[in-house]
Amino acid sequence: MLMICRPDLQKQDFHRLEEHIAALDESARWTRRAGRLVLQVRGRDPETPALKALADDPAIEWVLSDPSPEETARLFSRRDLLDVALATTGLLTAGCLAGPIGLYLNAPPAYRGLHGDVLVARIDALPVGGAVSRIVDGDDVIVIRRNADSFVALSATCTHSEACVVEWDGARRQLLCPCHRGVFDVFGNVVSGPPPRPLTTFETVIREGNVYMRRKR
Amino acid sequence: MSPKRPLGKARGEILGTRSRVRRLLNELGRVVITPRYKGIRWSSAVILLLLFVQLFTGVLLSLYYRPEPAAAHESMRFLVSSVPSGWLVRGMHHWAGDLLLVAVALHMTRVFMRRAYANPREFQWLVGVGLLLIVLAMRFTGSLLPWDGEGYAGALLGLKLVESVPLLGGLLAVWLRAGDVVGPDTLNRFFTTHALLLPWLVLALFGLHAVLVSRHGLSEDEP
């Protein structure tokens, strides 16, 4: 049995209906169809007093004691179907996007495991005594050309405070940390200031006029 | 089985948000789709969608982008080559920016041809022109950010155009360059303008534009 509520159902009407339902010993289920609240009651004997009281309630507008499949189908409006379709599409899209976005947000740790050589400089683009900054796998690296065919690749993250990036001072041929005045020499050894350790050194390889940095595993 | 639940929760009704969301969606739907559908009504919906795309991908890009001359180009290279979907996010931000300009041009052409700017919608049109200028400014400031040859040449040319604006042009160009020549600070100015200053202006003006549309309705709906 289907009972369709009036469209302007108030809260107190609803509570009254709930009391009627509580008096029923048959199962009843609320649904919403075509913008109306619909009460589905199992059991079709309309002579049951509790069911009669429910059906006679002024909040119930329309009672279908034996709904045909067509009548039931009419209660599903096109809008309901579109709502469901739209929500499903939205959820599916969001689900498909969530994975790639999660990976994107997490990239550096996931890519720490990379190995192989990284192109960090072109020999003819880097003058002797000059340096170039690179980001390799998310970490700052500085590549210095000591002389014609000698290159040094150092982690540019200061060993004193990891938030600071050291900079190359070409005139003094030293690396300076702007945060706490740490000074390193061209090989990354500490010259002065608070850094406790030398900078991490990476092996460099020269191939076909390019300088490659070997990743640490 | 008789679930005892209050009426309000019958279908996702929490603190009345559902009805409010429904009303907002209806309002949006009214702008995008009407029975009297004629011409390119979708331009406003496409612009809204592209603005969301730009906002979203822009935030994602800013996670990896570094607005310093030494690192800017490298950070973009890292993003495209090593970050999963990095190429996609960058490409989306780039192409959605171009498409946004196309959509804005179509939208304005249509409003112009239909005389939809006429009374009582003059202010709406002016706000729209303001939005056009901001979108153009975002396109311009964004092009320098990858710090490559193309962006650099574009910025030099664009700053000349800015200089040619009467009265305020010179001041604006100096402010954008952070001096008399394009240098490291220029990149920072462009980044601040592109990512921090203009998005808020776009949101504010777009909100105003939407409120005005909602108040005056659409010119197509009039007899």
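Me: What is the count of helices and strands in chain A?
Reply: Chain A has five helices and 15 strands; helices (H or I, at least four residues) and strands (E, at least two) are DSSP runs, numbered from the N terminus. This is a predicted model, in which local features need pLDDT of at least 70, side-chain atom pairs count only at pLDDT 80 or more, and totals for chains, interfaces and linings use all residues. Residues are numbered from 1 along each chain as its sequence is written, while chains are lettered from A and ligands numbered from 1 in the order in which they are written.

Me: How much of chain A is buried?
Reply: Of the 217 residues in chain A, 21% are buried. A residue is buried if 20 or more other C-beta atoms lie within 10 Å of its own, exposed if 12 or fewer, and partly exposed in between, with C-beta atoms placed from the backbone.

Me: What share of the contacts in chain A involves residues 24 or more positions apart?
Reply: Such pairs account for 49% of the contacts in chain A with a separation of 6 or more. Two residues are in contact if their C-beta atoms, placed from the backbone, lie within 7 Å.

Me: Turning to the sheets, what is the strand order in the open sheet of four strands?
Reply: The order is β6-β7-β8-β13 in chain A, with antiparallel pairing. Two strands pair if DSSP finds at least two bridges between them. β6 (131–136) and β13 (201–202) of chain A are the edge strands, each pairing on one side only.

Me: How many bridges link β6(A) and β7(A)?
Reply: Six bridges link β6(A) to β7(A) (residues 139–147), in the antiparallel sense. S133(A) stands opposite I142(A), and A131(A) stands opposite I144(A). The two strands form a hairpin with two residues between them, where D137(A) takes a positive phi near 55 degrees.

Me: Is β6(A) mostly covered or uncovered?
Reply: β6(A) is mostly covered, with five of its six residues buried.

Me: And what is the order in the open sheet of three strands?
Reply: That sheet runs β5-β15-β14 in chain A, again with antiparallel pairing. Its edge strands are β5 (117–122) and β14 (204–207) of chain A, and each pairs on one side only. The twist averages 35 degrees from one strand to the next; angles run from 0 to 180 degrees between N-to-C directions, and axes are lines fitted to C-alpha atoms, for helices over the stretch in contact. Four bridges connect β14(A) with β15(A) (residues 210–214), and R207(A) stands opposite N210(A).

Me: Which strands does β10(A) pair with?
Reply: β10(A) pairs with β9(A) (residues 167–169) over three bridges in the antiparallel sense, and three bridges join β10(A) to β11(A) (residues 182–184), also antiparallel. W168(A) stands opposite L175(A), whereas L176(A) has V183(A) as its bridge partner. In the β9(A)–β10(A) hairpin, with four residues between the strands, R173(A) has a positive phi of about 55 degrees. The hairpin of β10(A) and β11(A) has four residues between the strands, and R181(A) there takes a positive phi near 60 degrees.

Me: Which residues form the covered face of β10(A)?
Reply: L175(A) and C177(A) form the covered face of β10(A) (residues 174–177), while Q174(A) and L176(A) form the uncovered one.

Me: Which residues touch the most other members of the largest nonpolar core?
Reply: Of its 44 residues, V120(A), V141(A), I142(A), V143(A), A153(A), V166(A) and M213(A) do. A nonpolar core is a set of buried Ala, Val, Leu, Ile, Met, Phe, Trp, Tyr and Cys residues joined through C-beta atoms within 7 Å. A second, separate core of 11 residues includes C5(A), A28(A), L39(A) and V41(A).

Me: Now chain B: how do α6(B) and α7(B) cross?
Reply: The axes of α6(B) (residues 149–163) and α7(B) (residues 169–177) come within 7 Å and cross at roughly 150 degrees. That makes α6(B) roughly antiparallel to α7(B), since angles under 35 degrees count as roughly parallel, over 145 as roughly antiparallel, 65 to 115 as roughly perpendicular and the rest as oblique.

Me: Why does E74(B) count as buried?
Reply: E74(B) counts as buried because it has 20 C-beta neighbours inside 10 Å. E74(B) lies in helix α3(B) (residues 72–82). Not counting residues up to four places away in sequence, E74(B) touches S133(A), R134(A) and I135(A).
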